[in-house]
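Hi there,

Here is the structure I promised to pass on. Have a look at it first, and then read on for my notes.

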Amino acid sequence: MADYDLIVIGSGPGGYVAAIRASQLGMKTAIVERESLGGICLNWGCIPTKALLRSAEVLHYANHAKDFGLKIDKADFDLEAVVKRSRGVAKQLSSGVSHLMKKNKIDVIMGEATLKKGKPAPTVSVKDKDGKSKDYKAKNVILATGARARAIPQAGLEPDGDLIWTYREAMVPKETPKKLLVIGSGAIGIEFASFYNELGSDVTVVEAVDRILPVEDEEISGLARKQFEKQGIKFHTGAQVKSLKKSNGKVTADISAGDKTEKLEVDRVILAIGIVGNVEGLGLEELGVKVEKTHVMVDGFGRTGVDGLYAIGDLTGAPWLAHKASHEGIMCVEGIAGADEAHEFDAWNVPGCTYSHPQIASVGLTEAQAKETGREIKVGKFPYMGNGKAIALGAAEGLVKTIFDAETGELLGAHMVGAEVTELIQGYVIAREGELTEETLIHTVFPHPTLSEMMHESVLASQGRVIHI
């Protein structure tokens, strides 16, 4: 007889949300965690990085107080206190997850899990901190073990926790690097570049492709780059770091672009070149689970092809986002339970957000991707400069861009750069999920004065009806 209806391995935003939904559906549920409840996102990712970025944002406004008619002499920061606040936020939320587990009567099993063949699902063997192992049986098992930072497989380019950092070391610095090199310009790289730049570091970012934020709409990433460069961040695009040499507490990077190579000496390096799934040590090979490029292959319900075994979140591949993992976990559990609302997960409407200064947010197809579909499209744009609230906030740089199918009025994509776009984007996500057309959005009343009015104006612009530019 099984001990549980469901065991979830990993307590990140995919795992703990899946466990809660299972409990709501009447399943006897347990969750296995080897480190800290909340996983990487709550403890070392999404949440504490936003706390760091908030401190940097407050510092930015303090240093620009004169622009608002205010007097603040010599605004400065206490790095230890900034880091301490970030860790406190992470600890608070991790404790919140512990409370949610108790509230939902979910057993928490601390230790490292491996899988062994079993019926009706693989047996979960958990080794505790003392090295003692115990086996647990469940009718279903969900893998939610997440991912970790990708290292460059080349001598000298591996993170060492001292001079060459991953996101973990970058979040708890003992001092601010005078000169910093960030390798990779995705969301993680750009957020750290923005944070350290605000704290006074001389920041250089190297990106292998020909533009920064390569998954974003090209126009949006170009506008973001201009704003970052205005703040002092330097970029090498279409470039690669060929080697890193450590000496006397410094790192010298060989940066190659075409037939040119440049040497750059910095105090620290942050590797932000993607992530790899945590698939090792779980016993997946023995079970016959299909793994490609460190990610577990699953169908729309998270099924791995092994009876009773499912996988969700970063472990299953892009997009590597906490909210994607949470939604995927719910879809997976509802599929297991045969709930009426169960349906396959599809990443077509998952928004992406970068919490730098300025912020970047998007959902759906970029303009280039929309054109590649062969459809006739209509594109609307509205600049922050035309919005009263943006000007009043002192944040008049940015753009809202929308892309529609010219024939059906379907919202194909929305892309933004500027203040608070990570909050605004959800309006377009709802519009896409509800299959709203440009006509419905045009007839929607947006409050004034708000930044959201730019969303309305962008839609109007796609139809040649923009008002305020």
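This is a predicted model: local features need pLDDT of at least 70, side-chain atom pairs count only at pLDDT 80 or more; totals for chains, interfaces and linings use all residues.

**Around Ser-458**

Ser-458 belongs to helix H14, which spans residues 453-462. Setting aside residues within four places in sequence, the contacts of Ser-458 are Gly-380, Lys-381, Phe-382, Val-400, Lys-401, Thr-402 and Tyr-428. The helix itself lies across strands E23, E24 and E25 (411-418). Relative to E23, helix H14 runs at about 140°.

Those strands are part of an open sheet of 5 strands, and you can trace the order as E21-E22-E25-E24-E23, with antiparallel pairing. Which strands stand at the edges? They are E21 (352-354) and E23 (377-383); each has a single partner strand, so one side of each has no neighbour in the sheet. On average, neighbouring strands here are turned by 10° against each other, direction ignored.

The partner of E23 is worth a click too. E23 and E24 (residues 399-405) run antiparallel and are joined by 7 bridges.

**A three-stranded sheet**

There is also an open sheet of 3 strands, in the order E13-E14-E15, again with antiparallel pairing. Strands E13 (240-247) and E15 (260-266) are at its edges with a single partner strand each, so one side of each is left without a neighbour in the sheet. From one strand to the next, the twist averages 20°.

How many bridges join E13 to E14? There are 7, and E14 covers residues 250-257 and runs antiparallel to E13. Lys-246 has Val-251 in E14 as its bridge partner.

**Strand E7 and its parallel partners**

Strand E7 (residues 138-143) is largely enclosed by the rest of the structure, because 5 of its 6 residues are buried. Its pairings run parallel. Strand E1 (residues 4-9) is joined to E7 by 5 bridges, the two running parallel, and Val-8 has Ile-142 in E7 as its bridge partner. E7 is also joined to strand E20 (residues 309-311) by 3 bridges, and this pair runs parallel as well. Ile-142 turns up here too, standing opposite Tyr-310 in E20.

As a reminder, strands of a sheet pair through backbone hydrogen bonds, either parallel or antiparallel.

**Two helix pairs**

Two packed helices are described by the angle between their axes and the distance between the axes.

For helix H3 (residues 46-63) and helix H6 (residues 187-198), the axes come within 9 Å and cross at roughly 40°. With that angle, H3 is oblique to H6, and their crossing is left-handed. On the H3 side, the residues that meet H6 are Thr-49, Lys-50, Leu-52, Leu-53, Ala-56, Leu-59 and His-60. On the H6 side they are Glu-191, Phe-192, Phe-195 and Glu-198. By class, the residues of this contact divide into 6 nonpolar, 2 polar and 3 charged.

Helix H1 (residues 15-24) packs with helix H9 (residues 322-337) at an angle of about 35°, their axes being 8 Å apart. What is the handedness of the crossing of H1 and H9? This crossing is right-handed. Val-17, Ala-18, Arg-21 and Ala-22 of H1 meet Ser-326, Gly-329, Ile-330, Val-333 and Glu-334 of H9. The residues of this contact comprise 5 nonpolar, 2 polar and 2 charged.

**A loop residue, Val-172**

Finally, there is Val-172, which sits in the loop between helix H5 (167-171) and strand E10 (179-183). Because its relative accessibility is 30%, Val-172 counts as partly exposed. Not counting residues up to four places away in sequence, Val-172 touches Trp-44, Val-83 and Arg-87.

Note on methods
Residues are numbered from 1 along each chain as its sequence is written. Side-chain values use heavy atoms; hydrogens and water are left out. Axes are lines fitted to C-alpha atoms, for helices over the stretch in contact, and angles run from 0 to 180 degrees between N-to-C directions. Helices (H or I, at least four residues) and strands (E, at least two) are DSSP runs, numbered from the N terminus. Angles under 35 degrees count as roughly parallel, over 145 as roughly antiparallel, 65 to 115 as roughly perpendicular and the rest as oblique. A crossing is left-handed if the near helix is turned anticlockwise from the far one by less than a right angle, and right-handed if clockwise. Contact means heavy atoms within 4.5 Å. Ala, Val, Leu, Ile, Met, Phe, Trp, Tyr, Cys and Pro count as nonpolar, Asp, Glu, Lys and Arg as charged, and the others, Gly among them, as polar. Two strands pair if DSSP finds at least two bridges between them. Buried means under 20% relative accessible area, exposed over 50%, partly exposed in between (1.4 Å probe, protein chains only).
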